[in-house]
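The report below concerns salt bridges, the faces of a helix and surface patches. Please keep the sequence and the 3D view at hand while reading.

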Amino acid sequence: MIQAVGWDLDDTLYDRNLPYLAVYQYMEENVVETGIDFDTFNYFYQMNSDIEFRRYTDGRASVDQYRNNRVLMTYAQFGYTIKKKDAILFNQKYEEAKEGIVLRPGAKACLDLLRDAGVQKFLLTNGPAQQAHKIDLLGLEDYFGEENTFISSQLGTAKPALEIFQKVEERLDLNPATSLYIGDNYEADMLGASNAGWQGLFLNVHHKEAADIDEQFVTCQDMEEVYDFFSQAEFN
């Protein structure tokens with residue numbers, strides 16, 4: 001039984017690799033040519049982003065330090081020392097590329113299905129307050145009202161902490177056992193939701209090995225599979 005469905009934002013409802021690919025290509029052509037393939041660069045960049053985000057969440061780094069350090073750290077791991085102004089440029093180019101983000105193929109159909117079924121929906125994302133601009137760009141205000149949109153920086157805690165899931169429960173009067181959370185980050189989204197007693201749907205867009213995914217979670221490879229799951233789910 002599912003009474004409420006929560007969504008992650010980055011890499012779940014849209015593919016954030018697309019704007020980062022554009023930034024990576026710009027940096028290769030105009031700033032420093034590393035010759036590193038994008039998938040490898042992006043893997044370490046996202047890992048460093050998670051590290052720096054935790055420092056930001058803990059109050060040990062400003063939002064600018066969080067953004068710049070993840071860039072500097074990634075290039076340093078590959079033996080390249082870039083200047084702070086280059087890290088700032090990287091982030092500026094990302095802001096420009098981000099303006100073109102779109103929903104993943106099939107995401108709108110999933111959201112429409114839930115709306116037509118009368119299912120309670122909410123958005124829970126890690127990140128600074130600027131996440132709200134992405135929500136606007138993607139047209140998600142049509143599906144999640146302000147009262148059903150939660151950004152970690154505004155809650156004072158972040159996934160996978162139990163506290164953030166409990167805060168959402170309290171504000172929306174959710175029953176954990178009948179709440180489903182959908183996300184692409186296994187540790188932050190799935191383990192965080194499970195620890196709160198929620199159900200989890202793992203959007204495995206990063207191709208995690210099946211043997212490393214707990215059987216308690218529904219696993220889908222794309223939005224078409226998510227739609228198929230919703231089509232057969234029991235909603236109340």
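Glu163 is partly exposed, with a relative accessible area of 40%, where buried stands for under 20% relative accessible area, exposed for over 50%, and partly exposed for what lies in between (1.4 Å probe, protein chains only). The model is a predicted one, in which local features need pLDDT of at least 70 and side-chain atom pairs count only at pLDDT 80 or more, while totals for chains, interfaces and linings use all residues. Residues are numbered from 1 along each chain as its sequence is written, and side-chain values rest on heavy atoms, with hydrogens and water left out.

Glu163 belongs to helix α8, helices being DSSP runs of H or I with at least four residues and strands runs of E with at least two, numbered from the N terminus. The C-alpha atom of Glu163 is separated by 8.6 Å from that of Ala196, a residue 33 positions apart along the chain. Helix α8 spans residues 162–172, and its buried residues are Ile164, Phe165, Val168, Glu169 and Leu172. Viewed down the axis of α8, these buried residues fall within an arc of 140 degrees, so they line one face of the helix; the arc is taken over the directions from the helix axis to the C-beta atoms. Glu170 and Arg171, on the other side of α8, are exposed.

A salt bridge is counted where a side-chain nitrogen of Lys or Arg lies within 4 Å of a carboxyl oxygen of Asp or Glu, and by this rule there are 12 salt bridges. Three of these pairs are set out here.

| Pair | N to O distance |
|---|---|
| Asp8 and Lys159 | 2.9 Å |
| Lys108 and Asp112 | 2.9 Å |
| Lys167 and Glu163 | 3.5 Å |

The side chains of Asp8 and Lys159 meet in a salt bridge. Asp8 lies in the loop between β1 (4–7) and α1 (17–30), and Lys159 in the loop between α7 (152–155) and α8, so this pair ties together parts that are 151 residues apart in sequence. Asp8 counts as buried at 5% relative accessibility, and Lys159 is buried as well, with a relative accessible area of 6%.

Lys108 and Asp112 are four residues apart in helix α5 (residues 107–116) and are therefore separated by about one helical turn. Lys108 counts as partly exposed at 46% relative accessibility, whereas Asp112 is buried, with a relative accessible area of 18%.

Lys167 and Glu163 are likewise four residues apart, in helix α8, and about one helical turn separates them. Lys167 is partly exposed at 24% relative accessibility.

Turning to the surface, Asp222, Glu224, Glu225 and Asp228 gather in a patch of negative charge. Patches are built from residues with over 30% relative accessible area and no salt bridge, like charges being joined within 9 Å and nonpolar side chains (Val, Leu, Ile, Met, Phe, Trp, Tyr) within 5 Å. Glu224 sits in helix α10 (residues 223–232) and counts as exposed at 58% relative accessibility.

Tyr43, Met47 and Ile51 make a nonpolar surface patch of about 280 Å², with accessible areas taken from the Shrake-Rupley method with a 1.4 Å probe. Met47 is found in helix α2 (residues 38–57) and, at 31% relative accessibility, counts as partly exposed.

Note on methods:
Lys and Arg count as positive and Asp and Glu as negative; His and the chain ends are not counted. The place of a charge is taken as NZ of Lys, CZ of Arg, CG of Asp or CD of Glu.
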